[in-house]
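Work through the exercises below with the structure open. Try each task before you read its solution.

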Amino acid sequence: MSEIKSRFVVAADWLQAELGKPDLRVLDASFYLPAQKRDADAEYAAGHIPGAIRFDQDKIADHSSNLPHTIPSPDYFAAEVGKLGISENDRIVVYDGIGMFASPRVWWLFRVMGAKNVFVLDGGLDGWKAEGRPLETEVPHYVPATFTTNYDASRVVYLDQMRDIVSSAALQIADARSAGRFAATEPEPRAGMRSGHMPGARSLPSGVFANQGRFKSLPELKQTIEDAGIDLSKPVVTSCGSGITAAIITLALESLGHTDNKLYDGSWSEWGSREDTPVVTGPPEPVKA
């Protein structure tokens, strides 16, 4: 029972056996914070999973926004991923260096845009390398494709909606930032940003969902979420620092069959940088028995 895994997460053994299939697209979605001292582009150039396409979350984004890696318009997304040779009907496997850090965001993004067969690689590139699996340095070039979007706006939350959610306490809020950032006992990594959390939010640090880059089993995910005070029978909004690690919570929720969830795209980069949004400091309220 403890080994039952998410249907959205694939093992390295499976992916290696599928490499080269015409309907498979593998995406390197690695992204790092400055403190992690890793260069995603350099690591991709040094060696990536054979056939993997580099997916830069800061390039395929809304460049009119002053927020980082904001979700792009469906038309722009379709044009850019089409250039990479990706269609909505492909089987898409996303990975990142660490294993469960940035890849769930791209998994979420493709699903919001209408792709159905999207998965995350368990263990990431670090796990792939540790097992001595094949790498290549050649950059693949696929025939341009047509990606037909079916944008699901109901899965994305913007600032005005988030204000309403917070003021009404209508939805549960799950925050993927560290416990210290949530409680305001450690500073935000971005300058000019207040510390703390939205009123009513629950702390679910993104790192609690995986062990060494491998996603936890379904029973473990359920226990982790419920221990944080989230009721899986009710709607949830996920949030984080800039909209990336919030998708790890989304992946956990969807893995458990929870489909009534949304992601706050601006997340704390937007909420914490404003002076007109309410912020609470200290740990979350005790979970009710």
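A cavity is a set of grid points where a 1.4 Å probe fits but cannot get out, and its lining residues have an atom within 4 Å of a point. Keep in mind that this is a predicted model.

**Exercise 1. The cavity**

Task: Find which residues line the largest cavity, and sort them by class.

Solution: 
- Step 1. Count the cavities. The structure holds 1 cavity of 30 Å³ or more.
- Step 2. Give its volume. The largest cavity has about 30 Å³ of space.
- Step 3. List the lining. Phe 55, Gln 57, Ile 60, His 69, Thr 70, Ile 71, Pro 72, Arg 105 and Leu 109 line the largest cavity.
- Step 4. Sort the lining. It has 5 nonpolar, 3 polar and 1 charged residues.

**Exercise 2. Helix 4 against helix 9**

Task: Describe how helix 4 and helix 9 cross.

Solution: 
- Step 1. Recall the method. Two packed helices are described by the angle between their axes and the distance between the axes.
- Step 2. Take both values. The axes of helix 4 (residues 103–112) and helix 9 (residues 246–255) cross at roughly 65° and come within 8 Å.
- Step 3. Name the arrangement. Angles of 65 to 115 degrees count as roughly perpendicular. Helix 4 and helix 9 are therefore roughly perpendicular to each other.
- Step 4. The crossing of helix 4 and helix 9 is left-handed.
- Step 5. Find the contacts. From helix 4, Pro 104, Arg 105, Trp 107, Trp 108 and Arg 111 meet Ala 247, Ile 248, Thr 250, Leu 251 and Glu 254 of helix 9. This contact has 6 nonpolar, 1 polar and 3 charged residues.

**Exercise 3. Helix 8 against helix 9**

Task: Decide what to call the arrangement of helix 8 and helix 9.

Solution: 
- Step 1. Take the values. The axes of helix 8 (residues 218–227) and helix 9 cross at roughly 120° and come within 10 Å.
- Step 2. Name it. Helix 8 and helix 9 are therefore oblique to each other.
- Step 3. The crossing of helix 8 and helix 9 is left-handed.
- Step 4. Find the contacts. Leu 218, Leu 221 and Ile 225 in helix 8 meet Ala 252, Leu 253 and Ser 255 in helix 9. The contact has 5 nonpolar, 1 polar and no charged residues.

**Exercise 4. The second largest pocket**

Task: Which element gives the largest share of the lining of the second largest pocket?

Solution: 
- Step 1. Start with its volume. About 310 Å³ of space lies in the second largest pocket.
- Step 2. Look at the centre. Of its 18 lining residues, Arg 111, Val 112, Ala 115, Lys 116 and Arg 155 lie nearest the centre.
- Step 3. Pick the element. Helix 4 gives the largest share, 3 residues.

Technical notes: Residues numbered from 1 in each chain as written. Predicted model: local features only at pLDDT ≥ 70, side-chain atom pairs only at ≥ 80, totals over all residues. Heavy atoms only, no water. Axes fitted to C-alpha atoms, helices over the stretch in contact; angles between N-to-C directions. Helix = DSSP H or I, 4+ residues; strand = E, 2+ residues; numbered from the N terminus. Parallel < 35°, antiparallel > 145°, perpendicular 65-115°, else oblique. Left-handed = near helix turned anticlockwise from the far one by under 90°. Contact = heavy atoms within 4.5 Å. Nonpolar A, V, L, I, M, F, W, Y, C, P; charged D, E, K, R; others polar. 1 Å grid on protein atoms, 1.4 Å probe; cavity = no way out; pocket = protein on both sides within 12 Å on 5 of 7 lines; lining within 4 Å. Points joined across faces, edges and corners; volume = space filled by probe spheres on them.
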